[in-house]
Amino acid sequence: MGLPEGAYQALANALGAENICDDPAVTSGYSYMWLIYSTHAQSGRYRPAAVVLPRSTQDVQTIIKIANRYKFNYIPVGTNLLPPTIPARADTIIIDPKRMDSIVEIDTQNMFAVVEPYVTYAQLQAEAMKHGLTITIAEAGAQVSVVANNMFQGMGGTGHKFGYNRGVLGCDWVLPNGDLLHIGSRGNTNADWFWGDCAGMNLKGLLRADSGHCGGMGMVTRMAVKLFPYPGPQTFPVKGANPNFEVDFPKDRFKLNLIKFPDRKKLIEAMYEVGHAEIAAAVHEEPASMVLSGASPSVEYFWQKYPDFMKQWRNVLSVTLIGFSSARQIAYEQKVLDAIVKELGGSFIDEGSELWAIGQDNIGEQIRTGLSNRLFRIAGDFFVIGGFGFDSIDQSYKMSEDYMWPLIEQGQKKGHFVPDDTHNDWLNSYQLGHYSETEPLIYFEHDLDAGASFINSYAQTVVEAVKRRMCTTWPLGPMNYISGPTMCNYHELVLKIKKAVDPRLTSNPDYPVPQEPPKG
Amino acid sequence: MSLEKYRWDLVNCERCSMCKWVHPWSIKSKERARICPSMQKYKYDAYSAQGRFDLARALLEGEVEMTDKAAEVIYTCTLCGGCDVTCKFTRDMEPLEVLHELRALAVAKGKGPLPGHMPAVDSIRQNDNPWLQPRSRRGHWARKMKVKDLTKDKAEVLYFAGCTYSYNANLQEVARSTLRILQNAGVDVGILGSSESCCASPALKVGMVDMFREHASRNIKLFNDLGVKTVVTSCAGCYGVLRSQYPGVGKMNFEVKHSVEYFDQLLREGKLTFTKEVPLTVTWHDPCHLGRGGEPQDIWDGVRVKWGLSEPPRERNFGAKGIFDAPRNVLKAIPGLKLAEMERIREFSWCCGAGGGVRSAFPEFALETARERIEEAESTGAEALVTSCPWCESNLGDSINAIGSPLKMLSLVELVNKAI
């Protein structure tokens, strides 16, 4: 099914014929991706009815108004990494922002940048570094959209120091009826982009809440994001050649520590202590599978090394120190870290050891994510059991131990998930340990059986979380009907908000919450 | 191999978008972050490796037909291999091979080559060159030179001029100079004159696989029969195909070298010395088929098993083992010459825009791609842009003229000549 009669021509008239296409040879490029067997199992997936390429905020407003007038759906995308951007209905267009790729401004005094949706983290950071500034970069990779990632969660490697979800300042937001809303300080008369709040009522909470609306509430066309001090070289210091890159930050300002603890409890305690001491820029529990995949130039390399590596790499905490103010800062923080590690019975992995060689590029990963997509190398598809566990560090740990790992073991027994007996998550400290997120990573083949196994485990973890009154998050669209009833029916409120701003339900209709619960 | 052989790759692409960009760690600025010319020009995801994977999967699964538009999506790609390099950092996939297979499929379905390609294809069939020139004139570039004719004499080295350096009057001097330098260095070298035949790279690039294999087989037999130890060419296009594709066609009893490699070797052996100053700031453009495409390929015929492992294990090409150091060594050895590097170099070099049949079928796209490279070269402060590929030289040179750039377009051998 295509667009309603007249709709295509209306879009072509507004944007220019070259900026809209409905040919299947082109729209096929927006119809398939990872996790698709899981996420679109019920709805099926569709080629978009058309793809449009706006150039400006005004173009986006026009597209959305045409969608409302002719009654068809649209999905605004960024760099297009997540399954909700694949249409689950026939009469849906994709708003692809490839022509909206400007860094509008870098304000070095007030330390923020204003970007359009097709600017990637790597691009923005490359420009920011020239001014001694940086940004915390999405774990999904530095090749993803700054705007889209901040609309989703905005978490990144250096979130321990730079915070979680705190980078969004002023924004231009085209609502699902086509109106333009300025939020943050952008909403005040003659104000600039510099502040995430504003005088009077601010609707920033509606923009994203905890984990975004996946294109279900219009499109942000310009976003100001916070930048942070960066004491390193003006270009990212990479050495070597593909695929064996190494990073080479000045040692007096950047220091990676890889620390083994006797068990996970000690590791968790250390994360807290590092937070209490207010040291470090990045603090992560790093599972063996993730670290080895980052160092693997091929799937064969990974599987050759993995059995032995899994035995050796357990309960390892990665702590990146950055001397923002001086080299003495690093020296001080290292002393504090040494004391914490000693007290908790940890041991530093020796620089020069084989384990160090495999993990050493972790420092580059925290500052400019470049290895994370290698997770797909392990088996084809991957995700996190039960979404993400967002809570305090010990609650994240408890969630993972209590019910996430038992479910992972079930999937492993069926042969669907890659073996892993470490019970190590990718557990991240944010805001100096006041908040955390845990990702028990699972890897599976990209097929129907494994996809079903994953989605069942995923749903089950959401159920288990709400039973225990724990906070699990990022329930994908329909999953909100599982978690909502045990959490004050928040999903009904979210749906009401969606209907209030998107009365025709044209903006990625099943997100953030679909109108109807899923079947079965 | 057919497209079916790549099904695992096609269904497992997670659309991470790495294929559209230089590897994040090597990005130095916002403006020079892209690696895919097709994506830059056409914007829709379909014009990236990820989108073409989706098209290939959809074609395999019968979701779409091979239409004229599908053929356009398939052929608006320079086959530069930039996507291949960045994808492989992350995944065990073969974007460049899939792009080639899509073209073979377009040909099989009667949608390829495109009309713009046909004069060259027909000319290769009829004249053994893509330039609509008679076979008899092929050796004229060297008619005033004293050089061994290997159809009659023996030599250790065959200088394979290639079609463009043989016929293009503006570029013939490159072949003559190269040959002269080799001779003066005491290399036992000869040529084939009018008996030389097209390497058939242009046929392969537009999906005419049978035509390519026929020419390649004939050339391999000829070179083997000559008994030469080394085949030297100055054309990056010929070099890339001789080095990476010919081994899949037949056993080769000779090694293949690009002339810049040979110059570098002669410098190291002391058989070539530079005595004259060349006071010039230059920047080097890595031709795709000399650089990332100049890496030998693993001719693999296997299957993907559990977890995507290759059976038998496959050696992947990461693009970093191409010819990158040799031209830089030669340039740096020239007295007075200063080399200023562009941002996108070596395996992450930006394509000149001419490859994959784009220059003949989509000239505007070819020029736009070249323009971006010219602007990148200008930003280094260089006075000249240097390369060693006739396709790059022509296309970049045309773009320099079109936009009125102050840059000079030079072939590396011209600088070598000035320095001797």
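Predicted model: local features only at pLDDT ≥ 70, side-chain atom pairs only at ≥ 80, totals over all residues.

Reader: How many helices and strands does chain A have?

Author: Chain A has 18 helices and 23 strands. Its radius of gyration is 23 Å, close to the 24 Å that the globule rule gives for 520 residues, so chain A is as compact as a globular protein of that length. The C-alpha trace spans about 70 × 55 × 45 Å along the principal axes of chain A.

Reader: What percentage of the residues in chain A is buried?

Author: Buried residues make up 59% of the 520 residues in chain A. As for contacts in chain A with a separation of 6 or more, 70% of them are between residues 24 or more positions apart.

Reader: Which way do the residues of strand S18 in chain A point?

Author: A:Asp381 and A:Phe383 point one way from S18(A), residues 381-384, while A:Phe382 and A:Val384 point the other way; all are buried. In a regular strand the side chains alternate between the two faces of the sheet.

Reader: How many bridges join S18(A) to strand S22?

Author: There are 4 bridges between S18(A) and strand S22 (residues 441-444) of chain A, and the two strands run antiparallel. Within this pair, A:Phe382 stands opposite A:Tyr443.

Reader: Let us turn to domains. What are the domains of chain A?

Author: The domain assignment gives domain 1 (7-95), domain 2 (103-229), domain 3 (244-473) and domain 4 (477-520). The C-alpha centres of domain 1 and domain 4 of chain A lie 21 Å apart, and 11 residues of domain 1 are in contact with 10 residues of domain 4. On the domain 1 side, helix H4 (57-70) and strand S3 (73-76) of chain A each give two or more residues. S3(A) gives the most, with 3 residues.

Reader: And how is chain B divided?

Author: Chain B has domain 1 (3-112 + 274-419) and domain 2 (117-268). Their C-alpha centres lie 22 Å apart, and the contact involves 37 residues of domain 1 and 33 residues of domain 2. Among the domain 1 elements touching domain 2 of chain B, H14(B) gives the most, with 5 residues. That side of domain 1 has 21 nonpolar, 13 polar and 3 charged residues.

Reader: In what order do the strands of the open sheet in chain B come?

Author: The order of this sheet of 4 strands is S9-S6-S10-S11 (chain B), with parallel pairing. Strand S9 (337-339) and strand S11 (408-411) of chain B are the edge strands. On average, neighbouring strands are turned by 35° against each other, direction ignored. Helix H18 (residues 412-419) of chain B packs on the sheet and touches S9, S10 and S11 of chain B; the direction of H18 makes about 80° with that of S11(B).

Reader: What joins S6 to S10 in chain B?

Author: Strand S6 (residues 280-284) and strand S10 (residues 384-387) of chain B run parallel and are joined by 3 bridges. B:Val282 stands opposite B:Ala384 in S10(B).

Reader: One last topic: how many residues does each chain give to the contact between chain A and chain B?

Author: Chain B gives 48 residues and chain A gives 55. The largest share of the chain B side, 5 residues, comes from H3(B). By class, the side of chain B that touches chain A has 22 nonpolar, 11 polar and 15 charged residues.

Definitions and conventions. Residues numbered from 1 in each chain as written. Chains lettered and ligands numbered in written order. Pairing = 2+ DSSP bridges. Axes fitted to C-alpha atoms, helices over the stretch in contact; angles between N-to-C directions. Contact = placed C-beta atoms within 7 Å. Domains from an automatic or database assignment. Nonpolar A, V, L, I, M, F, W, Y, C, P; charged D, E, K, R; others polar. Buried ≥ 20, exposed ≤ 12 C-beta atoms within 10 Å, placed from the backbone. Rg over C-alpha atoms; globule rule 2.2 N^0.38 Å.
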